Each structure stands twice: as structure tokens, then as C-alpha cells.
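Keep the model open beside you as you read.

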Amino acid sequence: MIFSLAIYAAPYTSQASDSAYRFALALLENGHTLYRVFFYQDGVHTASSLTTPPQDEIHFTQNWQALAQQHNIDLVVCIAAALKRGLLNQKEASRYDRPAFNLAEGFELSGLGQLVDATVMSDRLITFGA
């Protein structure tokens, strides 16, 4: 089956991020395809290159980056939710005259159309968080 995930909760504030990551691992280990992971609302914080958890905690940003690279998975961040929360790529930082950008490598800013596309292209869309 082809799956897509939508993550609505910020990492480290609920079980949602960990559950989504473990679900992704399990479905890939069982031969399923993960088409896209869409980060929305506070879930966009997962894509921050500035996240620095203690060494004994899960680093969700790095884990998603590695999984995406290993399995060729789209990591899409809702641009409207990201901009509201101060998460910008280089293009948006320049566009809004901000001094820096902080979108982690491997994550892409895009609109809700990518979530609609994920729904159409997948057999199942599973959501995590509020």
C-alpha cells in the first residue's frame, strides 16, 4: 500500500511525532511505500535546522532527513504555517527581508496542494497530532 502522513503536533510536545516516525519505520519495514510526509500547524517545527535536543533524546529532524534520503520520501512543510512560526528557507528569508533562514536540508516549503496530492496519490493518509 501507499501511505502518506500528516503531522500536526510539534516535536517534543506530545507523543505524535514519535508515533509518526515509528509508524513510518514500521510501514517501510513491512514493504509499504511512504509517498509523502506533510508537516502542518505546529508540526512544522520538526523541519527547523536549529533544533538541538539533548544527546540522549530523539532528534526528529535528523531522523526524518535520514529516512527521506534512504527511501526517497518527500518531506513537505506547509509554507503558511511555517512562515507564521518563523520557519523560512533561503528564498522566503530573502523575500521577506529576514537576516537568516532555518529550514533544515531535505525539507521543502509548499502549499496545501501537496497535502491534497498526497491524499490522491496514496491509499491511506494517516494523521498524527491535533
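Methionine 121 is partly exposed, at a relative accessible area of 43%; buried means under 20%, exposed over 50%, and partly exposed lies in between (1.4 Å probe, protein chains only). A word on the source: this is a predicted model, in which local features need pLDDT of at least 70, side-chain atom pairs count only at pLDDT 80 or more, and totals for chains, interfaces and linings use all residues. Residues are numbered from 1 along each chain as its sequence is written, and side-chain values use heavy atoms, with hydrogens and water left out.

Methionine 121 belongs to helix α5; helices (H or I, at least four residues) and strands (E, at least two) are DSSP runs, numbered from the N terminus. Leaving aside residues up to four places away in sequence, Methionine 121 touches Ile2 and Tyr35, where contact means heavy atoms within 4.5 Å. Tyrosine 35 and methionine 121 are 86 residues apart in sequence, yet their C-alpha atoms are 7.8 Å apart in space.

Now to the sheet. It is open and has five strands in the order β4-β3-β2-β1-β5, with parallel pairing; two strands pair if DSSP finds at least two bridges between them. At the edges are β4 (107–110) and β5 (124–128), each pairing on one side only. Neighbouring strands are turned by 25° against each other on average, direction ignored; axes are lines fitted to C-alpha atoms, for helices over the stretch in contact, and angles run from 0 to 180 degrees between N-to-C directions. Strands β1 (residues 2–7) and β2 (residues 33–39) run parallel and are joined by six bridges. In β2, valine 37 is the bridge partner of leucine 5. Helix α5 (residues 113–121) packs on the sheet, touching β1, β2, β3 (74–78), β4 and β5, and its direction makes about 155° with that of β2.

Next, look at helix α1 (residues 16–29). Buried residues of α1 include Ala16, Tyr21 and Leu27, and what covers the buried residues includes β1, β2, α2 (60–71) and β5. Just after α1, glycine 31 takes a positive phi of about 85°.

The axes of α1 and α2 come within 11 Å and cross at roughly 20°. That makes the two helices α1 and α2 roughly parallel, a term for angles under 35 degrees.

Definitions and conventions
Angles under 35 degrees count as roughly parallel, over 145 as roughly antiparallel, 65 to 115 as roughly perpendicular and the rest as oblique.
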